[in-house]
Amino acid sequence: MDADTFSFTIDGVEVEASKGQSVLEACDAAGVYIPRLCHHPDLAASGTCRICTCKINGRSVAACVTPAAQGMVIENDTPLLTADRRALIEMFFVEGNHPCPYCVASGDCELQALGYRLGMVAPTQPYQWPTNAIDASHPDIYLDRDRCILCSRCIEASRMEDGKTVFGFEGRGIAMRLNVDAAGGLGDTQMAAVDRAASVCPVACIVVKRDSYRIANGKRRFDKAPIGSDIEAKRPGHKP
Amino acid sequence: MDIVIAVQQRLGHVSNAAVQTMAAGLGIHPVEIEDMVSFYAFFDRDPRGRNRIRLSKTPVSFIKGAREVARAFEQALGIQIGDTTADGMFTLQWTSDIGLADHEPAALVNGIALADLTPADVPLILAALRQAGETEPLPSYPPHLSDAEHLPKSVIRSSLVQAGSLLSGSPVRAEGLKAALALTPEAVIEEITKSKLRGRGGAGFPTGMKWRLTRKATGVEHYIACNADEGEPGTFKDRLLLMENPDLVFDGMTIAGYALGGREGLLYLRGEYAYMWDNLQQVLTERRRLGLLGANICGKAGFDFDIRIQLGAGAYICGEESSLLESLEGKRGSTRDRPPFPTERGYLGQPTAIDNVETLVCATRIMEKGAAWFTGLGTKDSTGTKLMCVSGDCERPGVYETPFGITINELLDLVGAPDAQYVQFSGPSGQAIAPKDFGRRIAYEDLSTGGSTMIFGPGRDVLEIALQFADFFVDESCGWCAPCRIGTNLLKQGMEKVVAGRATLADLASTEALANTVVRMSRCGLGQTAPNPILTTMRSFPELYEARLAAASFEPLVTLDDALREAVKVQGREPVTEEA
């Protein structure tokens, strides 16, 4: 082990990490799954969803934005953290309108998949019934903000990967919305359907038109295996 | 930030055209400008009235008659709160606490503070504003000192009721600074460390250690930022210090700059305190003239330091240090994840120490009087004195300088509140305290505080007040992280059901569980403390919740009448009641 690699433990499992890795990245590489929603492996972590919050050295912090360090003691898969994460997933479900049974993303939606994985049945909190208009001004893409979870992936992807800065936030608190770089809607921006920003949405807020049902319901990513299975498969000695 | 403030002043709002122009000028995208502008309560995207009347909305302002004042404004202007008059002359709004809890009801009119309002003042204020005319450009912002002269109730009497050894004996400008400059920077930090001074914002981080960490961190520049975003409802000590002892604050910043090796200090002044702008700038000018700012300060060769004031624009969250840094950099005031801490990477990515106004005043006096003077006051782990801001149901509201270690009871005796039933201690982010706990001590060891002390007497509705505080956090959540953004809103709705007497035992349990999730999962101090008004009133006043419980085992959140309201409106007919 050289100076730049070290180890920490998560739920009693020893994980090797290298300098510059976040706790989440190190655990992913080691095949230990920490539930997360806003994080995307190709994009800088924003820490908006807080699903990956773990107890690290006794403190509640988000694993995606916490640099891994030698000797950390981390709790991840505990009843309390699972309950908190489930409560958080519920909050997303009631904040927006998420009609899974007839949503284009069903089976491919990370929010839905986390709901299943964390054991959410039906939200116990009251629905907020947002009423954002759909932005269909773009010929190839539509935006359904009622399904937006404000993860900031598209903002980051558009700025850093596409070099366009098509997206941004607007407002604050519960009134915060995804905003686009033109008063006339998405159709007046530089956005193209091939942009990275169009493919990183974890839910069905950004949807490419005429492209939705190429894979039938029932045969999609999370229909086959629970979210996180791909990461857990990397664990040495893992049996599916 | 300054560009947007200037646009808002000139046009009265930040128009789409202005956004385009700014984006082109700065070489960034309009969506990035909108991201920032839409965050702050004092920026508008749509045209508003020429005169902006913002009434302070807090539980304390309500018990002092803010609703009656609001009604007088509504009647005189013929509009509802939140609206603008048809002639475009006036916009009337509520705003979060403006730092005048001892002078409620209070308001900001075009940025000028008006205190101790009564409904009878309303016609006089409106007449003065109308007289100012329509032909001139829009009212200046930040307002000039002279702008306040024609407005009634614009003179605020001093809030200082009791001075202790920090503020007594008319402190002399630059005395502490000169004492510090006679030492090496390391010796200054040593002296502050010996004094055991801890941050006065409430978190209580040791100041000496903060300065040492900042000094040690590598960077091109090192900064000292003074946090004058005093937004915690019920706090107003920084207003007092900045209005009456600005030199002690600037001395403290300069001492810190010397100690940690900085050349620039930043004072982040909350937008609600814009009326202090002129005076503070005059003090800075005077200090530059006296050689207390600029090159070779006080003749100390090689010590160059100056101070810039950054005005905020209405966002409680900017008092959180990482959010303050984002705002200083001209962005939306969302918090940052730590590490890295500001002492390593703060303003513009450089090592930055962020200190409370009161902390810097303490540092100034410690340099002048010595660490031993400071450790001689207070308790073992809470040295010195604390400026307590007392408001609400008491005879003598105001700022009291008290040594650490006194009990709530002793403070209540001092301010004349013998029949207090409930004390909201350290603001809504602090805790609700019932009489059985009035024997507890004010110190970092027991009850830590930023100073806010709101007192509520017999007959006040504790649960209604808790709901108002919950509503405050809904308004002030930055929205970045989900637990705080969504959770504060759900908590408020849960509390509304409690106050309406419709919450069941299961509802209470669900609200409490949700509150604890928000505490554990939120990114920053705002979300982590936002559930406190609910959680701590549940703990301190369980009997009040019990008394308000619904008898049924289940009560829907929405009543049948409410659920049908939309249908009733569409159909134009009322449902028939069963008994008929």
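The following exercises, with worked solutions, concern a predicted model.

Residues are numbered from 1 along each chain as its sequence is written, while chains are lettered from A and ligands numbered from 1 in the order in which they are written. Local features need pLDDT of at least 70, side-chain atom pairs count only at pLDDT 80 or more, and totals for chains, interfaces and linings use all residues.

**Exercise 1. The side of chain B that touches chain A**

Determine how many residues of chain B are in contact with chain A, and which helix supplies the largest share.

Step 1. Contact requires C-beta atoms, placed from the backbone, within 7 Å. By this rule, 34 residues of chain B are in contact with 32 residues of chain A.

Step 2. Helices (H or I, at least four residues) and strands (E, at least two) are DSSP runs, numbered from the N terminus. At least two residues each come from α3 (30–37), α17 (462–476), α18 (482–499) and α19 (505–521) of chain B.

Step 3. The largest share, eight residues, belongs to α18(B).

Step 4. By class, this side of chain B holds 15 nonpolar, 11 polar and eight charged residues. Ala, Val, Leu, Ile, Met, Phe, Trp, Tyr, Cys and Pro count as nonpolar, Asp, Glu, Lys and Arg as charged, and the others, Gly among them, as polar.

**Exercise 2. The open sheet of chain B**

State the strand order of the six-stranded open sheet and identify its edge strands.

Step 1. The order is β5-β11-β10-β14-β12-β13 (chain B), with mixed pairing. Two strands pair if DSSP finds at least two bridges between them.

Step 2. The edge strands, each pairing on one side only, are β5 (160–162) and β13 (431–433) of chain B.

Step 3. β5(B) runs parallel to β11 (residues 398–403) of chain B, and two bridges join them. Here B:Leu160 stands opposite B:Val399 in β11(B).

Methods: Contact = placed C-beta atoms within 7 Å.
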